[in-house]
Amino acid sequence: MPDSVSRQGLEDSRLVRAIRESGRVGVLTGAGISAESGIPTFRGAEGLWKKFRPEELANFDAFMANPELVWAWYRFRRDIVRKAEPNPGHRALAAWETRVGEFTLITQNVDGLHARAGSKHLVELHGNLERDRCLDCGRTCTGARAEEGDPIPVCSCGGRMRPDVVWFGEYLPEDALIQADRAAAGCDLFLAVGTSAVVHPAASLPRLAKRRGAMLIEINPEPTPVSAYADFTLYGPAGQLLPELLRILDA
Ligand code: BJW
Ligand code: ZN
């Protein structure tokens with residue numbers, strides 16, 4: 001483990017006890033957990049795609065104004081994700097799930113890497129990059145199939161397809177949001193991993209967990225709004241810190 005990763009928090013007896021004794025664990029992940037798989041984050045130095053911010057591309061108006069540009073962004077990202085592999089952070093969370101009674105992994109990521117790492121009780125809040133949805137009939141299909149045709153994929157009904165993800169100003173899938181709220185409100189340990197915690201409603205989940213009495217641990221190389229009220233912020237990369245937490249659990 002490099003010096004930049006603080007061991008101080010990891011050795012704290014409250015943290016060790018919470019990890020070993022928690023039977024109901026909730027986790028919220030963001031783009032940072034996939035950074036070590038080579039997938040760029042949204043915000044921050046490496047988070048920019050050309051000169052666009054996510055707010056400019058990840059919304060319906062942008063799509064209607066320039067669908068070619070928005071599709072180019074999603075194709076670019078699909079290419080990266082298809083070549084990427086889950087990293088030790090994804091795998092540690094998949095292993096943790098097998099060790100406790102209740103474990104809900106809530107992700108804002110659309111890259112599918114948690115499922116590929118073996119996580120089962122997974123809630124995808126912002127959709128999935130591999131799915132397209134028809135603007136006219138609502139049918140969904142995998143991106144690979146839709147991409148065979150046009151630069152703007154077309155449904156069998158003739159309608160235009162969009163990526164089946166949640167853009168700004170759009171509602172999150174109701175089921176997913178209910179499951180996420182339930183897990184955050186009912187857990188005794190909540191981890192916020194690799195998220196800048198600025199996009200709502202996902203960003204409200206750590207506070208909900210804390211308010212309902214859970215211990216809150218954040219993992220991020222940088223401080224975020226969550227750091228102000230987390231019980232512990234472990235400053236460092238998720239791909240190193242999550243396997244450390246698993247070792248504590250297994251010790
Ligand atoms: C590492 C690391 C390593 C790096 N290890 N860590 C309340 C208050 C204010 C605004 C709102 C509010 N409620 C709703 C809103 C509006 C809006 C919103 O939140 N706006 C704010 C930005 C101001 N929210 C919405 O519009 C949402 N819908 C909604 O609320 O519906 C109800 C409604 C309807 C109509 C009107 C009004 C309300 C929808 C949000 C959808 C977000 N969609 C996106 C795109 C998804 C599809 C796609 O991928 O293309 O989701 S935007 C983008 O941001 C993506 C992400 O999931 C999301 C969060 O980003 P994330 O994951 O946190 O990534 P980063 O890059 O920000 O951070 C990475 C972090 O990792 C950093 O902290 C690094 O330090 C760290 N890191 N390396 C660990 N190795
Ligand atoms: Zn259709």
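Leaving aside neighbours within four places in sequence, which residues is Ala-31 in contact with?

1. Ala-31 first. Setting aside those sequence neighbours, Ala-31 is in contact with Thr-41, Phe-42, Asn-109 and Gly-194 (contact: heavy atoms within 4.5 Å). The residue sits in the loop between strand E1 (24-29) and helix H2 (54-57); helices (H or I, at least four residues) and strands (E, at least two) are DSSP runs, numbered from the N terminus.

2. A word on the basis. This is a predicted model, where local features need pLDDT of at least 70, side-chain atom pairs count only at pLDDT 80 or more, and totals for chains, interfaces and linings use all residues. Residues are numbered from 1 along each chain as its sequence is written, and side-chain values use heavy atoms, with hydrogens and water left out.

3. On the domains: the chain splits into domain 1 (1-39 + 86-126 + 172-251) and domain 2 (41-83 + 132-165), with bounds from an automatic or database domain assignment. Domain 1 brings 12 residues to the contact and domain 2 brings seven residues. Their C-alpha centres are 28 Å apart.

4. As for the interface, about 720 Å² is buried between domain 1 and domain 2, with 67% of that from carbon and sulfur atoms. Buried area here is the accessible area (1.4 Å probe) that two parts lose on being put together, summed over both. Ala-31, Ile-39 and Val-110 supply 44% of what domain 1 buries against domain 2, more than any other three residues.

5. Salt bridges between domain 1 and domain 2 come to zero (a side-chain nitrogen of Lys or Arg within 4 Å of a carboxyl oxygen of Asp or Glu).

Methods: Chains lettered and ligands numbered in written order.
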